[in-house]
Structure formats: C-alpha cells, structure tokens
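Hi everyone, thanks for coming along. Please have a look at the structure on the screen, and then we'll walk through it together.

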Amino acid sequence: CFEPALDYCVVKVPRWDLAKFEGVNRRLGSAMKSVGEVMGIGRTFEEGLQKALRMVDESNAGFEPTKFAADKDAIVHELQNP
C-alpha cells in the first residue's frame, strides 16, 4: 500500500488573466481582484512557489534573474505597468 509523505508545502498564487476581459484597465491596483488562483505543492516553500509561478503562465519559468537593470525607476514602472 502506497503511503504519501505528509511533509509538503502548498502555495497558492493569484492569477490575473486580463486578456479575458475587453476594455479592462491593465494597471494593477490595491483593489484589483484576481480571476483565479493556482496551486503548487512541493517539499519546501521555495519548490511550491516555483511550481505555482510556472502554472500562472506557461511562458514563465518561475523566479529567474531579472532582465532589467537594477534601476529603481525601471522597476517601479514595470510593477505599475505589467
């Protein structure tokens, strides 16, 4: 009989699929509602988070080195206008 391990971590991440809605403001704000969520299960928090982030978008490989310079203005702009 197979007995699964009981030491795992579940991470849920909200999903904003703004392409589903026409005319929606793509700028994220504090009152923004997600259209769903994904779940990643791993042996550690980091593994669960990586799996959940990969499920948000198929083109996303999870946490990767940033493709932007460490310029604060560029980071703020990207966070405000994804």
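Predicted model: local features only at pLDDT ≥ 70, side-chain atom pairs only at ≥ 80, totals over all residues.

Let's begin with charged side chains. How many salt bridges does the count come to? It comes to two.

Here is one of them: Glu37 pairs with Lys12, and their closest N and O atoms are 3.0 Å apart. If you follow the chain, you'll see that this pair links distant parts of it. Glu37 belongs to strand β2, residues 36–42, while Lys12 belongs to strand β1, residues 9–15, and the two are 25 residues apart. Are these two partners buried or exposed? Glu37 counts as exposed because its relative accessibility is 52%, and the cut-off for exposed is over 50%. Lys12 is exposed too, with a relative accessible area of 53%.

Now please find helix α1, which covers residues 45–56. Here the side chains of Glu47 and Lys51 form a salt bridge, at 3.3 Å from N to O. Both residues sit in that helix, four residues apart, which is about one turn. How exposed are they? Glu47 is partly exposed, at 33% relative accessible area, and Lys51 is also partly exposed, at 30%. They land in that class because partly exposed is the range between buried, under 20%, and exposed, over 50%.

Which residues make the nonpolar surface patch? They are Tyr8, Val10, Met39 and Ile41, and the patch is about 380 Å². Take Val10 as an example: you'll find this residue in strand β1, and it is partly exposed, with a relative accessible area of 38%.

Finally, let's go inside. The largest nonpolar core is a group of six residues, namely Val11, Val13, Val38, Leu49, Ala52 and Leu53. Strand β1 and helix α1 each give at least two residues to this core. Which element supplies the largest share? That is α1, with three residues.

Leaving aside residues up to four places away in sequence, Val38 touches Val11, Lys12, Val13, Arg15, Ala52, Met55 and Val56. You have met some of those names already: Val11, Val13 and Ala52 are among the core residues, and Lys12 is the salt-bridge partner of Glu37.

That's my tour, and I'm happy to go back to any part of it with you.

Terms used. Residues numbered from 1 in each chain as written. Heavy atoms only, no water. Salt bridge = Lys/Arg side-chain N within 4 Å of Asp/Glu carboxyl O. Buried < 20%, exposed > 50% of the residue type's maximum accessible area, 1.4 Å probe, protein only. Patch = residues over 30% accessible without salt bridge, like charges linked within 9 Å, V, L, I, M, F, W, Y side chains within 5 Å. Areas by Shrake-Rupley, 256 points an atom, 1.4 Å probe, with all protein chains shown as cover. Core = buried A, V, L, I, M, F, W, Y, C linked by side-chain atoms within 4.5 Å. Contact = heavy atoms within 4.5 Å.
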